[in-house]
Amino acid sequence: MPFLRRISRELERFADSELLEVSQWRRRFATLSGALLVGAVAVLFAYLGEAVQRLFDHVEGRLPLLPLLLTPLVFVTLIAITRRYVPEAASSGIPQVIAASRYPQHPLGRKLISLRVAFAKLFLALGSLLGGASVGREGPTVQISAAIMLRMHKLLRVPHTPGVFIAGGAAGVAAAFNTPLAGIAFAIEELAVAYEQRVAVLVMGAVMISGLMAQGLAGNYIYFGAVSSDIPLQTMLIVAPIAGLLGGALGGLFSRLLLSFRSPEGRWSAIATRRPLLLALVCGVIVAVLGVMTNGSTWGTGYDSSVTLLRGSEMPMEFGPAKFIATLATAISGIPGGIFAPSLAVGAGFGNLMAPLFPAEQAGAVVLLGMAGYFVGVVRTPLTAVIILSEATGSTTIILPLFATALIGDWAGSQICRERLYHVLARNFMPKDDGKDDEGKAGGKPAG
């Protein structure tokens, strides 16, 4: 009977719409609760990281030569634990999220972003700081945040798509730096292979909520503190090209040297595979010797040194080169820890080399442009770099010089290292039976 069939179809359509509405609300609640947890965990991680670094500084101040023994021992211990129990927690954490977002339904992808790995990452990264390694907490925060977001979606039986991983990682960047716009930019430039409108809404919601949660717990602060960024046009026309060309080239050199050890096709990758403990020992010795020789300026994230230089205060000229080598040695070792904050510190050290050529009141702005050039050369995300640095320093008047420096730095870095660092490192965590990734294209087949 046509009338009854029509009623039946209407009832089915109504039931489907009701189920769809319930599913949408579950997804929204999963994103809300996940983002709140991300903000809280990011603040906790920052607090613990600062406490651990203060503990190391206190011990090193009392026993200045102890790191010559302690740091290599910590490096070897961390590599042994990581390789034996949680190889998914090695190095930064951002490559793992990139790999997982490309294979969201693959068992390996889900394993990379599990709570077990997230907890291990947190404590192993704290161990790296306890040993004086030149690491940051932003990369680990991205992996931990993606794991939290994935777990909340699983608990509420919401299908996990690449957008879940991307939103979690972006929320982690936003909460770690207290830079919401940078979290969105990072999702677009680095994490997302195919950035769709649906993913955009998910990312922006997660970033906003996690940022508000972090601000509620830690206060509405500026990451590096307010920086005087006034710079005359004539100075900008000199500094921006130099900072972009030289800083970007140095950043590209860092990426190329790191990939020669840590990429699947790297020239010296066999050393990292066959002699991981020996490599960690050598890298630990290098970091320890540099730390002792520079009176501790190269230990840890480099945050205090960056703040000092941004405020126009003086630091030894050797800080930048020493921090470059310490960060490179730490990253080559493969111990858990990020390179965001140390790279910004290296860039500040590079800016410090240029600052004496200009009036003292312009030193902070010159250092800021140095940070932009080098950082973009390493990670190749100019938009993210500009937004992070402008939000993290409260600088708005220097946006155009930052963009100019970042774009030049991106080009210069690509001339030294043509492949993007995190995307190549992500191949280490992808299924081994896939072909080589067609860089920058969605659906490419990454190498193992």
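Before anything else, a word on contact, which here means that heavy atoms lie within 4.5 Å of each other. Please also keep in mind that the structure you see above is a predicted model.

With that in hand, let us turn to a pair of helices, α6, which covers residues 138-155, and α7, which covers residues 162-177. On the α6 side, the residues that meet α7 are Glu138, Thr141, Val142, Ser145, Ala146, Met149, Leu150 and His153, and their partners in α7 are Val164, Phe165, Gly168, Gly169, Gly172, Val173, Ala176 and Phe177.

For α6 and α7 the angle is about 135 degrees, and the axes are 7 Å apart. The two helices are therefore oblique to each other, and the crossing of α6 past α7 is right-handed.

Let me move on to Phe375, a residue of helix α16. Is Phe375 buried or exposed? Its relative accessible area is 0%, and values under 20% count as buried, so Phe375 is buried. When we set aside its neighbours within four places in sequence, Phe375 is in contact with Phe340, Ser343, Leu344, Arg380 and Ala385.

One of the contacts of Phe375 was Arg380, which sits in the loop between α16 (363-379) and α17 (382-393). Arg380 is itself buried, with a relative accessible area of 12%, and its phi is positive, near 60 degrees, although the residue is not a glycine. Ser91, in the loop between α2 (67-85) and α3 (94-102), is another non-glycine residue with a positive phi, in this case of about 55 degrees.

The mean pLDDT of the protein is 84, and 86% of its residues reach 70 or more. Confidence is highest in helix α14 (residues 319-333), at a mean of 97, and lowest in helix α9 (residues 197-218), at 68. There are also stretches where the pLDDT falls below 50: one is residues 14-20, which have zero contacts in the model beyond near neighbours in sequence, and another is residues 435-448, where 43 such contacts are present.

Notes:
Residues numbered from 1 in each chain as written. Predicted model: local features only at pLDDT ≥ 70, side-chain atom pairs only at ≥ 80, totals over all residues. Heavy atoms only, no water. Axes fitted to C-alpha atoms, helices over the stretch in contact; angles between N-to-C directions. Helix = DSSP H or I, 4+ residues; strand = E, 2+ residues; numbered from the N terminus. Parallel < 35°, antiparallel > 145°, perpendicular 65-115°, else oblique. Left-handed = near helix turned anticlockwise from the far one by under 90°. Buried < 20%, exposed > 50% of the residue type's maximum accessible area, 1.4 Å probe, protein only. pLDDT = per-residue confidence, 0-100.
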